[in-house]
Amino acid sequence: MRVLLAALLIVLFVLAWQGVASLESVDDLTLASPVETWQALSDDRSLLLDNAWVTLVEVLLGLAVAAAAGVLLAVGMHLVRPLRDAAYPLLVASQAIPIVVLAPIFVLAFDYGIGPKLAIVALICFFPITVNLLDGLRGVEPELLKLMRSMGASRLRTLRSVELPSSLPFFFSGLKVAATVSVIGAVFGEWAGADEGLGRLVLLGNNQLQTPRVYAGIVILTLMAVALFALVALAERAICPWNRKERPA
Amino acid sequence: MQTEAEAPTVEPLSLEGVTRRFGSVTALDGVGLQVRAHHVMAIVGPSGCGKSTLLELVAGLQEPDAGALSVAGARGAAARRAACAYMPQRDLLLPWRDALGNAALALECEGVPRREARRRAEPLFERFGLADFERSRPDELSGGMRQRVSFLRTLLPGRPVLLLDEPFGALDAITRLDMQEWLAGALMDEPRTVLLVTHDVDEAVYLADRVAVLSPRPGRVVDDFEVDLPRPRSVTDPALVELKARALEALRA
């Protein structure tokens with residue numbers, strides 16, 4: 001039923017898109033219709049797929065770096081109180097940096113290859129992971145920590161047996177947010193300088209007035225983000241089955 | 001019984017003039033108690049009389065502002081922690097571990113490898129009426145079963161003194177009666193020195209060898225009497241009812 005409603009909403013959205021695109025007053029160069037976009041998707045299939053692959057690799061590697069950095073940072077900040085107090089403002093500040101401005105500098109620093117893309121994806125993706133995981137680690141019931149202390153548990157034992165497992169759902173929440181914004185990060189990275197990737201293709205298409213191809217690229221980027229989100233949600237269900245249903249009182 | 005309980009000769013549990021303040025509030029005021037080896041001491045008192053604070057003091061989770069505590073001869077907080085097994089009011093089972101894993105947790109905290117800890121916990125499941133539920137997750141167990149798993153976790157490391165904080169407070173009345181009966185039986189099989197905190201006078205006189213009644217804040221011992229009745233006991237035994245009346249009177253004074 002829920003799937004049906006979601007599908008219906010998508011159909012409605014595509015119909016509305018087609019409707020608006022068919023209006024006399026709407027320029028073909030501004031908005032490609034779904035039909036034109038579909039045409040571009042099938043005509044430029046191999047071009048789009050090749051470039052989508054490049055972007056997907058940037059996104060996945062960037063996410064992996066972000067997850068590793070996010071977990072290390074959150075655990076470190078959780079274990080060392082002064083580090084948490086000291087690093088939190090910096091953590092927040094890192095997200096105020098306008099990526100659009102930073103991206104070209106990254107390209108200068110890391111050269112033209114995959115480096116700057118990874119750096120940008122990781123920079124915007126580690127934040128939701130770190131913040132959510134930190135909340136999870138801090139949110140463990142005090143009673144449970146007291147019990148662990150009474151049983152003679154070491155700090156590491158409590159972290160491993162209680163704090164980390166109980167904050168797994170928080171980690172996944174962060175990862176879901178990260179997965180959705182990761183694609184944007186990769187596009188920014190490619191805009192600043194790249195010779196392949198969907199972001200670059202979209203930028204080129206824009207300059208060359210190939211509007212349907214631009215929209216085709218956007219559709220693929222969107223699908224990529226949605227698929228990543230769904231994948232993380234699936235992983236969460238497989239890894240934290242206890243979190244699915246509420247405990248009966 | 002495969003736990004390490006038999007080995008140490010249990011020293012009495014002793015509190016002398018224990019006082020605990022939180023800011024300007026005095027939670028406990030000069031509490032003195034002596035518990036003999038393998039006896040059950042029940043602490044009864046109205047809510048807010050510092051019962052849980054008393055347990056946490058004994059458990060080495062807090063230090064008193066005045067007075068002295070000794071658990072199996074241990075005086076320092078860390079040594080007290082090592083001598084006690086503390087069972088909290090709620091079962092606090094870890095939802096991602098099965099029942100066996102939860103029961104084994106206390107052993108793992110002492111450095112026993114996970115597999116070995118599970119192996120040691122396993123034989124107790126049948127005895128504690130939990131057979132076939134070893135692999136069940138906590139959300140698949142009833143309230144009474146969860147409490148039994150929690151009790152198993154408390155018992156397994158073989159610490160000489162058990163501290164039970166209203167262990168059946170969260171259960172419905174009928175399950176509570178079953179569990180009290182079950183605990184009395186479990187303690188007959190496996191004698192330990194027990195400090196049982198409760199607000200339920202029936203539970204206190206049914207389970208304990210000695211009952212101490214605490215006054216409302218600041219908590220002081222206002223009565224302290226033996227329950228010298230054979231087990232198994234009956235809740236309708238006139239002698240038990242009489243002691244219950246004595247405790248209630250002390251509570252209301």
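A residue is termed buried if 20 or more other C-beta atoms, placed from the backbone, lie within 10 Å of its own, exposed if 12 or fewer do, and partly exposed in between. The structure is a predicted model, in which local features need pLDDT of at least 70, side-chain atom pairs count only at pLDDT 80 or more, and totals for chains, interfaces and linings use all residues. Residues are numbered from 1 along each chain as its sequence is written, and chains are lettered from A and ligands numbered from 1 in the order in which they are written.

Helices (H or I, at least four residues) and strands (E, at least two) are DSSP runs, numbered from the N terminus. In chain B, helix α5 (residues 143-155) has 13 residues and reaches 18 Å from its first C-alpha to its last, close to the 18 Å expected at 1.5 Å a residue (1.5 Å times one less than the number of residues). Eleven of the 13 residues of α5(B) are buried, so this helix is largely enclosed by the rest of the structure. Among the buried residues are M145(B), V149(B), F151(B) and L155(B). The buried residues of α5(B) pack against β5 (84-87), α3 (99-109), α4 (114-127), β6 (161-165) and α6 (173-189) of chain B; contact requires C-beta atoms, placed from the backbone, within 7 Å.

Chain B also holds an open sheet of three strands in the order β2-β1-β4, with antiparallel pairing; two strands pair if DSSP finds at least two bridges between them. Its edge strands are β2 (25-35) and β4 (66-71) of chain B, each pairing on one side only. Strand β1 (residues 13-22) of chain B is joined to β4(B) by five bridges, and L13(B) stands opposite V71(B) in β4(B). Elsewhere in chain B, five bridges join the antiparallel strands β8 (residues 210-214) and β9 (residues 221-226). A hairpin connects β8(B) to β9(B) through six residues, with L214(B) opposite V221(B).

In chain A, helices α3 (residues 45-79) and α4 (residues 81-96) pack at an angle of about 125°, with their axes 5 Å apart. Axes are lines fitted to C-alpha atoms, for helices over the stretch in contact, and angles run from 0 to 180 degrees between N-to-C directions. G76(A), M77(A) and H78(A) in α3(A) meet L83(A), R84(A) and A87(A) in α4(A).

The contact between the chains takes 19 residues from chain B and 18 residues from chain A. On the side of chain B that touches chain A, α3(B) gives the most, with four residues.

Technical notes: Two residues are in contact if their C-beta atoms, placed from the backbone, lie within 7 Å.
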